[in-house]
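Here is a short briefing to read alongside the model. Keep the structure open as you go through the topics below.

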Amino acid sequence: MDHGATASTSPAASGSPSKDSPSKDSPSKGHLPGMDHMAGGDGLASTEDGYRLGSPNATLAAGERTAYRFTVTGPDAKPVTAFAVDQTKRMHFYAIRTDLTGFQHLHPTMAADGTWTADLSALAPGSWRMFASFTPDGGAGKGTAFVLSRAVTVPGTEKRTPVPAAAARARVDGYTVTVQGEPMAGMSHPLTVTVTKDGRPVTTLQPYLDTYAHLTAFHEGDTAFAHLHPTTRVDGDHGGPKLAFDADLPTAGNWRLFLQFRAGGELHTAALTLQVG
C-alpha cells in the first residue's frame with residue numbers, strides 16, 4: 001500500500017514556507033496547531049457556501065507520476081487566490097482510493113491565476129477521491145475552514161484491497177504506533193497515540209507541520225473525510241512518546257487512520273483501522 005510518504009514532501013503552496021519548516025506565518029511555540037480552523041462536514045461535496053472545487057481532470061493515468069490541477073472559486077465565481085496559513089500551509093491536498101489505499105498528503109503549488117497543481121505519485125487503477133482543505137483569507141468565507149472533494153477515475157483493471165480489521169496497533173519503518181480511545185460518532189472524544197521503537201518509548205519526534213503528528217481519517221464505504229486535531233504542544237525535537245488528539249468522527253463504522261510523524265529526519269506514515277460506535 002502506498003501511504004504517500006514520498007508524496008508528502010512535495011513543494012509547499014506558492015507563497016508559503018518551503019518544505020515543512022515553520023515560518024513567521026506559522027503558529028508560535030506552545031500554540032495548538034490546527035485548532036483555529038476546524039472544517040465541518042464530511043468533505044464529500046465539491047461545493048459549500050458558494051465555494052466550489054473545480055478541475056479539468058476527471059481521469060488520471062495509472063502507474064506514473066501525474067499532475068492534478070484544480071481551482072477554488074468563491075461566491076463571486078472568481079478563483080480564490082488568498083488563503084490563510086493552516087499548519088504552515090495554505091493548502092492541504094489528499095488523494096485516497098475508494099478501498100482506502102494509496103493515501104497521499106500533498107502541499108500543491110498555486111499559479112498567479114489561482115490554479116493549483118498537485119504532483120501525485122503513481123496511482124493504481126480504480127476510483128479515487130481528491131480532497132482540498134483550505135481557509136479563505138478574504139471574501140465572504142474569510143476565516144472559515146473548508147474541505148471539498150471531487151471523484152477521479154484511473155483507468156485499468158482494479159484490484160481492490162479489503163480494509164484491514166480494526167486494530168489498536170500498526171507498525172511502520174520499525175516504529176510501533178498504538179492508539180487508545182473509544183470515540184463515538186458525532187461526539188468529540190480524546191485519542192492518545194503512543195510511539196515506540198524496539199519496545200522503547202520514542203521521545204525524539206520532530207515537528208511536522210507545527211505538530212508532532214498529523215492524523216487524517218477516511219470512512220469505509222463512502223471515503224468521508226476527517227482531520228483529527230492535535231492538542232499536544234510542540235516544544236523542540238523531543239516529542240513523544242504520547243500524543244493527544246481531539247477526534248470528532250461524524251459517522252459510526254470503520255475509519256482508516258493515517259498518522260504521519262517525523263523522526264530521524266524522515267517522514268513516516270502509519271495506517272490502522274479504528275472502529276467508531
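A residue counts as buried when its relative accessible area is under 20%, as exposed when it is over 50%, and as partly exposed in between. E158, at 32% relative accessibility, is therefore partly exposed. Please bear in mind that this is a predicted model.

**The chain as a whole**

- The secondary structure of the protein chain consists of 18 strands and zero helices.
- The protein chain has 277 residues, and 51% of them count as buried.
- Taking contacts between residues at least 6 apart in sequence, 69% join residues that are at least 24 apart.

**An open four-stranded sheet**

- Four strands make up an open sheet with antiparallel pairing, in the order β5-β4-β8-β9.
- Which strands stand at the edges? They are β5 (104–106) and β9 (146–154); each has a single partner strand, so one side of each is left without a neighbour in the sheet.
- On average, neighbouring strands of this sheet are turned by 20° against each other, ignoring direction.
- Nine bridges join β8 (residues 126–134) to β9 in the antiparallel sense.
- G126 has V154 in β9 as its bridge partner.

**Nonpolar cores**

- The largest nonpolar core contains 31 residues, and L228, F245 and F261 have the most contacts inside it.
- At least two residues of this core come from each of β10 (169–172), β11 (175–180), β12 (188–197), β14, β15, β16 (242–248), β17 (253–263) and β18 (266–276).
- Strand β17 gives the largest share of this core, with five residues.
- Leaving out residues up to four places away in sequence, F261 touches V172, Y175, V177, V195, L205, Y212, A213, E266, L267 and H268.
- Another core lies apart from this one; it has 25 residues, including V72, M91, W116 and L123.

**Salt bridges**

- Side chains of opposite charge can pair when their charged atoms come close.
- How many salt bridges does the structure hold? There are two.
- One joins D99 and R97, whose closest N and O atoms are 2.5 Å apart, and both D99 and R97 are buried.
- In the salt bridge between the side chains of R160 and E158, the N to O distance is 3.1 Å.

**Two buried positions to look at**

- T223 sits in the loop between β14 (214–219) and β15 (225–230).
- Is T223 buried or exposed? With a relative accessible area of 4%, T223 is buried.
- Setting aside residues up to four places away in sequence, T223 touches L44, R97, T98, L100, R129, F131 and F218. One of these, R97, is also the salt-bridge partner of D99.
- A67 belongs to strand β3 (residues 66–73), and A67 is buried at a relative accessible area of 19%.
- A67 and D119 are 52 residues apart along the chain, and their C-alpha atoms are separated by 4.6 Å.
- Beyond its neighbours within four places in sequence, A67 is in contact with N57, L60, T117, A118 and D119.

Conventions
Residues numbered from 1 in each chain as written. Predicted model: local features only at pLDDT ≥ 70, side-chain atom pairs only at ≥ 80, totals over all residues. Heavy atoms only, no water. Buried < 20%, exposed > 50% of the residue type's maximum accessible area, 1.4 Å probe, protein only. Contact = heavy atoms within 4.5 Å. Pairing = 2+ DSSP bridges. Axes fitted to C-alpha atoms, helices over the stretch in contact; angles between N-to-C directions. Salt bridge = Lys/Arg side-chain N within 4 Å of Asp/Glu carboxyl O. Core = buried A, V, L, I, M, F, W, Y, C linked by side-chain atoms within 4.5 Å.
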